[in-house]
Amino acid sequence: MALSLGSQAPDFTLPSTSVKFLSLSKDLKGQAFILFFYPKDFTRGCTAEACEFRDQFGEFRNLEIPVFGISRDDIATHEKFKKAYQLPFELLSDESGKVCKAYDALIPLIKMPKRVTYLIDSSHKIAGVYEGLFENKSHVDAMLRKIRK
């Protein structure tokens with residue numbers, strides 16, 4: 001199960017595709033944002049999900065909600081993925097899987113990230129969550145509906 005609504009989002013610092021490192025507590029202080037966990041760059045479902053976030057990115061930008069994708073891929077792979085699909089948001093690398101585990105976004109036996117998306121409010125509490133491995137495009141719709149409420 002994903003983290004519960006209202007629970008505190010675990011702090012993290014991870015390598016990012018545009019800045020050296022991104023820290024929740026420092027770089028996102030007082031900022032609401034979307035954090036989506038996905039299994040692997042360049043796979044069909046993950047590409048569809050990332051491209052759906054790309055295609056709806058203007059909506060998130062208009063609502064002043066940054067979007068961040070996290071998988072266990074390294075930064076070099078993330079940079080290729082971001083360039084290949086013209087992704088306008090940051091990808092964060094969690095090679096160790098520690099952040100995925102902290103957000104209950106790790107499949108236990110195979111240690112691969114599962115597909116789960118969080119809306120984190122400005123006080124860094126979980127304000128929305130959508131989980132579903134095969135509903136890759138539904139994550140974006142669910143988050144936009146939650147933000148607009």
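Lys111 is partly exposed, because its relative accessible area is 47%; buried means under 20% relative accessible area, exposed over 50%, and partly exposed in between (1.4 Å probe, protein chains only). Lys111 is found in the loop between β6 (106-107) and β7 (112-113), and it has a positive phi of about 55° although it is not a glycine. The structure is a predicted model, in which local features need pLDDT of at least 70 and side-chain atom pairs count only at pLDDT 80 or more, while totals for chains, interfaces and linings use all residues. Residues are numbered from 1 along each chain as its sequence is written, and side-chain values use heavy atoms, with hydrogens and water left out. Helices (H or I, at least four residues) and strands (E, at least two) are DSSP runs, numbered from the N terminus.

**The sheet**

- Five strands form an open sheet with mixed pairing, in the order β5-β4-β3-β8-β9; two strands pair if DSSP finds at least two bridges between them.
- The edge strands, β5 and β9 (126-131), each pair on one side only.
- On average, neighbouring strands of this sheet are turned by 20° against each other, direction ignored.
- Strands of a sheet pair through backbone hydrogen bonds, either parallel or antiparallel.
- β8 and β9 run antiparallel and are joined by five bridges; Thr117 has Tyr130 in β9 as its bridge partner.

**Helices against the sheet**

- α4 packs on the sheet, touching β4 and β5, and its direction makes about 160° with that of β5.
- Contact means heavy atoms within 4.5 Å; axes are lines fitted to C-alpha atoms, for helices over the stretch in contact, and angles run from 0 to 180 degrees between N-to-C directions.
- Helix α6 (residues 138-148) lies across β3, β8 and β9, and runs at about 155° to β9.

- In helix α4 (residues 75-84), the buried residues are Ile75, His78, Phe81 and Lys82.
- These residues lie on the same side of α4 because they cover an arc of only 120° around the axis, the arc being that of the directions from the helix axis to the C-beta atoms.
- Lys80 and Lys83, on the other side of α4, are exposed.
- The cover over the buried residues of α4 includes β1 (13-15), α2 (44-55), β4 (67-71) and β5 (90-93).

**Aromatic pairs**

- Rings of Phe, Tyr and Trp (its six-membered ring) pair if their centres lie within 6.5 Å; planes under 30 degrees apart count as stacked, over 60 as edge-to-face and the rest as tilted.
- By this rule the count comes to 15 aromatic pairs.
- Phe33 and Phe68 form an edge-to-face pair, because their ring centres are 5.9 Å apart and their planes stand at 80°.
- This pair links distant parts of the chain, with Phe33 in strand β3 (residues 33-37) and Phe68 in strand β4, 35 residues apart.
- Phe33 and Phe68 are both buried.
- The pair of Phe42 and Phe81 is edge-to-face, because the ring centres are 5.1 Å apart and the planes are at 70°.
- Phe42 lies in the loop between β3 and α2 and Phe81 in helix α4, so this pair ties together parts that are 39 residues apart in sequence.
- Phe42 counts as partly exposed at 42% relative accessibility, whereas Phe81 counts as buried at 0%.
- Phe42 has a positive phi of about 70° although it is not a glycine.

**Nonpolar cores**

- A nonpolar core is a set of buried Ala, Val, Leu, Ile, Met, Phe, Trp, Tyr and Cys residues joined through side-chain atoms within 4.5 Å.
- The largest such core has 23 residues, and those with the most contacts inside it are Phe12, Leu35, Phe37, Tyr103 and Tyr118.
- At least two residues of this core come from each of β3, β4, α5 (98-102) and β8 (116-120).
- Apart from this core lies another, of 20 residues, among them Tyr38, Ile65, Phe89 and Val140.

**Val129 in strand β9**

- Val129 has its place in strand β9 and is partly exposed, with a relative accessible area of 33%.
- Not counting residues up to four places away in sequence, Val129 touches residues including Ala2, Leu3, Leu5 and Met143.
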